[in-house]
Amino acid sequence: MILIFLADGPAAFGFLTIVVVALVFVSEIPPMTILKSLKPLTWIILFTLLIHFVSHDGEVLAKIFIFNVTVEGIKFGILISLRLILLIVLSSLLTFTTSPIQLTDATEKLLSPLSKFGVPAHELAMMMTIALRFVPTLIEETDRIIKAQKSRGADFESGNILKRMKSFVPVLVPLFLSSFRRADDLATAMEARCYRGGTGRTHMKELKFKSRDFSAALVFLVICAVAGLLTLKAGELF
């Protein structure tokens, strides 16, 4: 994902697009499942595309009211929109192929060398685990509160933006209260089980660097090198 932000130029983005498509097929996740993850952000992608169409100077292709659609704006808009799409697809691949426990264990393992400098690696990983665990719960709780408020006559769809924002106040207040109550209950449960942080704790499944991990790291370094060379060439050309 960081590489996508660092890459620049059509060649680099074309190469990264091929890499991401290859990852989709290697993951064995149905492509339609991946594409569904783009649906909620379709309007943001289209808005980003249109904004760049009319916000860059260059060769004018068309004039819409007071805005000029330029060749450079189209090129830049396509690249930025493609960057967003690649980021969303990679994020979806990560969540579809890796469980929250695996993510937090890997995060703790990566941050463990920093614990010598006072960075609480285990506590950060634990916070990530809890946050990921309660996202579905919060979504379900929000849906339940909205339905309860609608049954009492609340209207969340009519009026201007300010009125709609105000109508969500009766939803946010009980949602925050239930979240704090749930956090307090979780803290009490962890204390009752004698949780005292990461000092001296062990893992049921220890992570070990194996040959396929080495192969994946090597492939990633090759991808970085190719994308970096294509980005440098793009800088020389443009």
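Here is a walk through the helix packing, the nonpolar cores and a few individual residues of this structure. Keep in mind as you read that this is a predicted model.

Let's start with the helix pairs. Two packed helices are described by the angle between their axes and the distance between the axes. Take helix H2 and helix H5 as the opening case: their axes are 11 Å apart, and the packing angle is about 25 degrees. Angles under 35 degrees count as roughly parallel, and that makes H2 roughly parallel to H5. The handedness of the H2 and H5 crossing is left-handed. On the H2 side, the contact is made by Pro-10, Phe-13, Leu-16, Thr-17, Val-20, Leu-23, Val-24 and Ser-27, and on the H5 side by Leu-79, Leu-82, Arg-83, Leu-86, Val-89, Leu-90, Leu-93 and Thr-97. Sorted by class, the residues of this H2 and H5 contact are twelve nonpolar, three polar and one charged.

What does Leu-86 touch beyond its neighbours within four places in sequence? Leu-86 is in contact with Ile-4, Phe-13, Leu-16, Thr-17 and Val-20. Leu-86 also takes us to the largest nonpolar core, which has 22 residues. Within this core, Ile-4, Leu-16, Ile-34, Leu-86, Val-89 and Leu-93 touch the most other members. Which helices each supply at least two residues of this core? They are helix H1 (2-6), helix H2 (10-27), helix H5 (71-97) and helix H10 (211-237). H5 provides the largest share, seven residues. There is also a second, separate core of five residues, and among its members are Ile-146, Phe-156, Val-171 and Leu-175. As general background, nonpolar side chains tend to be buried together in soluble globular proteins.

Ile-146 belongs to the H7 side of a contact with H9, and Val-171 to the H9 side. The axes of H7 and helix H9 (residues 169-192) come within 10 Å and cross at roughly 140 degrees. H7 and H9 are therefore oblique to each other, and their crossing is right-handed. From H7, the residues taking part are Met-126, Ile-130, Phe-134, Thr-137, Leu-138, Glu-141, Thr-142, Ile-145, Ile-146 and Gln-149; from H9, they are Pro-170, Val-171, Pro-174, Leu-175, Ser-178, Ser-179, Arg-182, Leu-186 and Met-190. The contact of H7 with H9 has twelve nonpolar, five polar and two charged residues.

H7 has another partner to look at. Helix H6 (residues 100-111) and helix H7 (residues 121-151) have axes that come within 8 Å and cross at roughly 160 degrees. Angles over 145 degrees count as roughly antiparallel, and H6 and H7 are therefore roughly antiparallel to each other. Their crossing is right-handed. Here Pro-100, Ile-101, Leu-103, Thr-104, Thr-107, Glu-108 and Leu-111 of H6 meet Ala-121, His-122, Leu-124, Ala-125, Met-128, Thr-129 and Leu-132 of H7. Nine of the residues in this contact of H6 with H7 are nonpolar, four are polar and one is charged.

Leu-111 lies in helix H6, and apart from its neighbours within four places in sequence, Leu-111 is in contact with Ala-121 and Leu-124. Leu-111 and Glu-191 are 80 residues apart along the chain, and their C-alpha atoms are separated by 25 Å. In helix H7 you will find Arg-133, which is partly exposed, with a relative accessible area of 47%.

Finally, have a look at the backbone of Glu-28. Most residues other than glycine have a negative phi. Glu-28 is not a glycine, yet has a positive phi of about 65 degrees. Where does Glu-28 lie? Glu-28 is in the loop between H2 and helix H3 (31-36). With a relative accessible area of 72%, Glu-28 is exposed.

Note on methods. Residues numbered from 1 in each chain as written. Predicted model: local features only at pLDDT ≥ 70, side-chain atom pairs only at ≥ 80, totals over all residues. Heavy atoms only, no water. Axes fitted to C-alpha atoms, helices over the stretch in contact; angles between N-to-C directions. Helix = DSSP H or I, 4+ residues; strand = E, 2+ residues; numbered from the N terminus. Parallel < 35°, antiparallel > 145°, perpendicular 65-115°, else oblique. Left-handed = near helix turned anticlockwise from the far one by under 90°. Contact = heavy atoms within 4.5 Å. Nonpolar A, V, L, I, M, F, W, Y, C, P; charged D, E, K, R; others polar. Core = buried A, V, L, I, M, F, W, Y, C linked by side-chain atoms within 4.5 Å. Buried < 20%, exposed > 50% of the residue type's maximum accessible area, 1.4 Å probe, protein only.
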